[in-house]
Amino acid sequence: MADVLSSLRSLMSSHSPPLDALVVPSEDYHQSEYVSARDKRRAFVSGFTGSAGLALITMNEALLWTDGRYFLQATQQLSKQWKLMRLGEDQDVDIWMADNLSEGATVGVDQWCVSVDTAQKWERAFSSKKQKLIHTPKNLVDEIWTDRPPAAVNPVVIHPVEFAGKSVTDKLKELRERLSQENASGIIVTTLDEVAWLYNVRGSDVSYCPVVHSFALVTASSAFFYVDKRKMSPEANSYMKENGIEVREYEEVSSDVVLLSSARLDRSSATTVNVQGNDHEDMQIDHTDNGAICGSNNVAGNQSVIWVDRGSCCYALYSKLNPEQVFLHQSPLALPKALKNPVELEGLKNAHIRDGAAVVQYLVWLDNQMQNIYGAPGYFSENKSNEKKITEGTKLTEVSVSDKLESFRAAKEHFRGLSFPTISSVGPNAAIIHYSPEPKSCAELDPNHIYLFDSGAQYLDGTTDITRTVHFGTPTAHEKECYTAVLKGHISLGNARFPNGTNGHALDILARVPLWKYGLDYRHGTGHGIGSYLNVHEGPHLISFRPHARNVPLQASMTVTDEPGYYEDGNFGIRLENVLVVNEANTPFNFGDKGYLSFEHITWAPYQNKLIDVSLLTSEEVDWLNSYHAGCREILAPHLNEADLVWLNKATEPLAA
């Protein structure tokens, strides 16, 4: 890391103008949460591999901002040259830069990797000290990353309407109606899952996310798909042509946005721009004012405008537009994508049933292994462990067991891969919220410690995400108390009924109150949307204590997770997670004539009765748990063999209140 920082500082010094600081975001050109290996620049410079974070390098310091999910991981991965900045506890990066950099300081960033919203926020923070945000003509990290992975060329795959539930024709029609309502002549679509959803395509350019590196531009009469054409098969090209979508090279989006801004895009031909090369860094970007980023905020009068999502569109494309003719607003695709149609909902439910069967098969296998190899009491018994039976070569590790879980899923219909790297964690590792085990350094399973696994899969008909926490030995009273508090919060949120217009910020407290009773809490949000064979984290809604959870109310046919937890550094971690569907609720009354909503669990896998302190549950909570477990038996039975079903019947035996 010392050589990396030294090399970057040398480039900063020689830059014109010289840079006092360099920002290295986590995001790619599409503001993605999860990025390809080629785009993991922040991980390369810092050594921190979490999915969220931002690195800032000055001539004397190196700082890394991340959120509460990654505090413990970052402390373990960052070298002494780096200082960890905890979001929510330390100064935000824009305030830190404004306060700690000198007057007139220059801060470099690749404006392809920063959103309009973020760039403008930083500029406002810089204004009082006349500091400048400077675009670097080339990404400085790429200049020193000599073994940077090459760009992948993976095929574009058509996602059939039998799984998508709505045709491209219908989606484009609805999008154009929204554009017309806002007097917008066109829209720039930059987020990978929105492009994939709009055009009903999928890919494998980003691990675990079935998306394609691509952009889309849509006007009242045209639609364009910007992608490396080497990824397009004859079938994919025919599909695009049939749907009135013109395929152009990925890099052409930059010049076509200029055409869009001057109302010339519809008249342009596919050969208007002659582009050399297929790598992202080959894009040609115009620069003015020494690369200083500037621009106003929104639109005036009734003139035709271009729709741009300020939170997801990269500043590089926004800078091509006349800021007075831009409609800065949340993408009109975000909400329709989140509101699942009946086909998507049915697919998600079916995918979760198959996934639940795989999880049960895994627990049966793991229970037998823990008893046979380690002499553990097992999933059901609380007796003290026997002496280890293990012999060399037969031990279980966090990685080997997660591989086994994947194999159970891989045998299921429509399986296309995992939806994120499996969090398979034992004891102290389970306290690392987004722990990622590595084969050479991962822990061995231990019947005397809690085991937490958070995992999911991509199926053609849906995306899954489930977390269970188990113990194959003798849990302590404290572990049971903590597990039960998490379970109570999980049940409380899942059983909520609430009026239309309620957002996830208002509901987040329901999952925390049982933990707060003991002075406990957790540093992550409580729920996120989930895609339909798309990204495992999907907005625009969420359930969280973070302020932006107020932005979008929950609506019927949305999906959202319910995942409270508790983490004790150096000891253990507990999390329970199900996927829920938001439904209209049948309430006796309808105050304010608003209509009410409730949740439906579509995840099916048992909670471990052995870890539950039943004395801490109310009779209503016991009734819910027994009812849920009865559902597990009924729904999963057709998908299990006789031995697995015997195990499941025992795992879901009713609890007495």
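Visitor: How do the residues lining the second largest cavity divide by class?

Guide: In this predicted model, that lining has six nonpolar, four polar and two charged residues.

Visitor: OK, stepping back. How many cavities of 30 Å³ or more does a search of the whole structure find?

Guide: Three.

Visitor: What volume does the largest one have?

Guide: The largest cavity comes to about 80 Å³.

Visitor: What lines it?

Guide: Leu 22, Val 23, Val 24 and Pro 25 are part of the lining, along with Arg 41. Val 109, Asp 110 and Cys 113 also belong to it, as do Thr 136, Asn 139, Leu 140 and Val 141.

Visitor: Which elements give two or more residues there?

Guide: β1, which spans 21–25, and the helix α6, which spans 140–144.

Visitor: Which element gives the most?

Guide: β1, with four residues.

Visitor: How does the lining of the largest cavity split by class?

Guide: Eight of its residues are nonpolar, two are polar and two are charged.

Visitor: Last one. How does anyone find where empty space is left?

Guide: A probe the size of a water molecule is rolled over the atoms, and that shows where the space is.

Terms used:
Residues numbered from 1 in each chain as written. Predicted model: local features only at pLDDT ≥ 70, side-chain atom pairs only at ≥ 80, totals over all residues. Heavy atoms only, no water. 1 Å grid on protein atoms, 1.4 Å probe; cavity = no way out; pocket = protein on both sides within 12 Å on 5 of 7 lines; lining within 4 Å. Points joined across faces, edges and corners; volume = space filled by probe spheres on them. Nonpolar A, V, L, I, M, F, W, Y, C, P; charged D, E, K, R; others polar.
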